[in-house]
Amino acid sequence: MKTEEQRHSQLELCIPYVFGRLNPGNRKQFEAHLETGCEQCKRELSELYEAIALLPLLLKQEAPPSGLRQRILSRLSSKRSEPPRAAKPIPQRGVVEASVTKAPPRSWYLYASIVMGVLLIISLLFFLNDQLRTTGELEKKLTDLQAQIQEKQDILGILQVQKVEILQLANMDAGSQAFGRVFWEPEKRHAVVQVVNLIAEPADKQYQLWLVKEKKYLRVGEFDVNKEKSNVFAVMTLPVGERQEIEGFAITLEPRGGSTQPSGAIQLRGATK
Ligand SMILES: [Zn+2]
């Protein structure tokens, strides 16, 4: 025996049954229930079939608002991956199909264009970063070149004066191939020191030029010899300019920044007398 409550629950299955939405198990169960001759369900079903039969008539009399069909179909197509082929026999086929077939590509295009936009922005940022770095490197190179040109002009300026003194510098180590020269302009006391084959100094050290006067070492200036520069010219100013006041020149390796007195071994040396 089935209670009234159970009959009501079966009643709720009428609508899905009419539209063929029951799974096989439920459908069998519902049909078995109908076999028992439930009056409520019979009435409900006959009313539903009548209403379904009237549906086309109702649709003809009350035209749905324009766009409703498209909205429903596009909603269906967005939920289903399969295109709604059932929509084919419906009138205004062209309009419906157009909206249905357009909708998925539009969302795909949107997605694709967002991805492309993001990729474009990322690559643009990389490009700009690269450009900025390159510009920075170019500016640094330009500054270096300008400094080199200025140095060369200073050297030429000293070498071109009418009266220029020259002193050869010899190395103190028999195994070394290093040598040097000091060119200087006595009046202005501008000097150029040229060194060849001096070993590149360690990072914490620097070569230093000394002027020897009355057995004393007078500080002239420091310069760097890196691996790229086997032939170094450094422009400096001497404490004295006249040859008779200068006993000679010497080059030592000192802590970076220079010393007030030579602390390292003499690398190159030259005497005027
Ligand atoms: Zn029933």
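Eight strands of this predicted model form an open sheet in the order β5-β4-β7-β8-β1-β2-β3-β6, with antiparallel pairing; two strands pair if DSSP finds at least two bridges between them. The edge strands are β5 and β6, each of which pairs on one side only. Neighbouring strands of this sheet are turned by 25 degrees against each other on average, direction ignored; axes here are lines fitted to C-alpha atoms, for helices over the stretch in contact, and angles run from 0 to 180 degrees between N-to-C directions.

Residues are numbered from 1 along each chain as its sequence is written. Because the model is predicted, local features need pLDDT of at least 70 and side-chain atom pairs count only at pLDDT 80 or more, while totals for chains, interfaces and linings use all residues.

**Overall composition**

- The protein has six helices and eight strands; helices (H or I, at least four residues) and strands (E, at least two) are DSSP runs, numbered from the N terminus.
- From the N terminus on, the order of elements is α-α-α-α-α-α-β-β-β-β-β-β-β-β.
- Of the 273 residues in the protein, 13% are buried. A residue is buried if 20 or more other C-beta atoms lie within 10 Å of its own, exposed if 12 or fewer, and partly exposed in between, with C-beta atoms placed from the backbone.
- Among contacts in the protein with a separation of 6 or more, 59% are between residues 24 or more positions apart. Two residues are in contact if their C-beta atoms, placed from the backbone, lie within 7 Å.

**Strand pairing**

- Strands of a sheet pair through backbone hydrogen bonds, either parallel or antiparallel.
- Strand β1 (residues 165-171) runs antiparallel to β2, and six bridges join the two. In this pairing E165 stands opposite W184 in β2.
- β1 also pairs with strand β8 (residues 266-271) in the antiparallel sense, over two bridges. The bridge partner of A170 in β8 is R269, and N171 stands opposite L268 in β8.
- β8 pairs with β7 as well, in the antiparallel sense and over five bridges. T252 has I266 in β8 as its bridge partner.

**The nonpolar core**

- The largest nonpolar core holds 22 residues, of which V193, F249 and I251 touch the most other members. A nonpolar core is a set of buried Ala, Val, Leu, Ile, Met, Phe, Trp, Tyr and Cys residues joined through C-beta atoms within 7 Å.
- Two or more residues of this core come from each of β2 (179-185), β3 (190-196), β4 (205-213), β5 (216-223) and β7 (248-255).
- In soluble globular proteins, nonpolar side chains tend to be buried together.
- Apart from its neighbours within four places in sequence, I251 is in contact with L169, G180, V195, Y207, Q208, L209, Q267 and L268.

**Helix α3**

- Helix α3 (residues 24-35) has 12 residues and reaches 16 Å from its first C-alpha to its last, close to the 16 Å expected at 1.5 Å a residue. The expected span of a helix is 1.5 Å times one less than its number of residues.
- The number of buried residues among the 12 of α3 is zero, so the helix lies largely in the open.
- Just after α3, G37 takes a positive phi of about 80 degrees.

**Loops between strands**

- E214 lies in the loop between β4 and β5. Its phi is near 50 degrees, a positive value in a residue other than glycine. E214 is exposed, with 7 other C-beta atoms within 10 Å.
- K215 also has its place in the loop between β4 and β5. Phi of K215 is near 65 degrees, again positive in a residue other than glycine. K215 counts as exposed, with 6 C-beta neighbours inside 10 Å.
- K227 is found in the loop between β5 and β6 (231-237). K227 is exposed, with 7 other C-beta atoms within 10 Å.
- The C-alpha atoms of K227 and L198 are separated by 9.4 Å, and the two residues are 29 residues apart along the chain.
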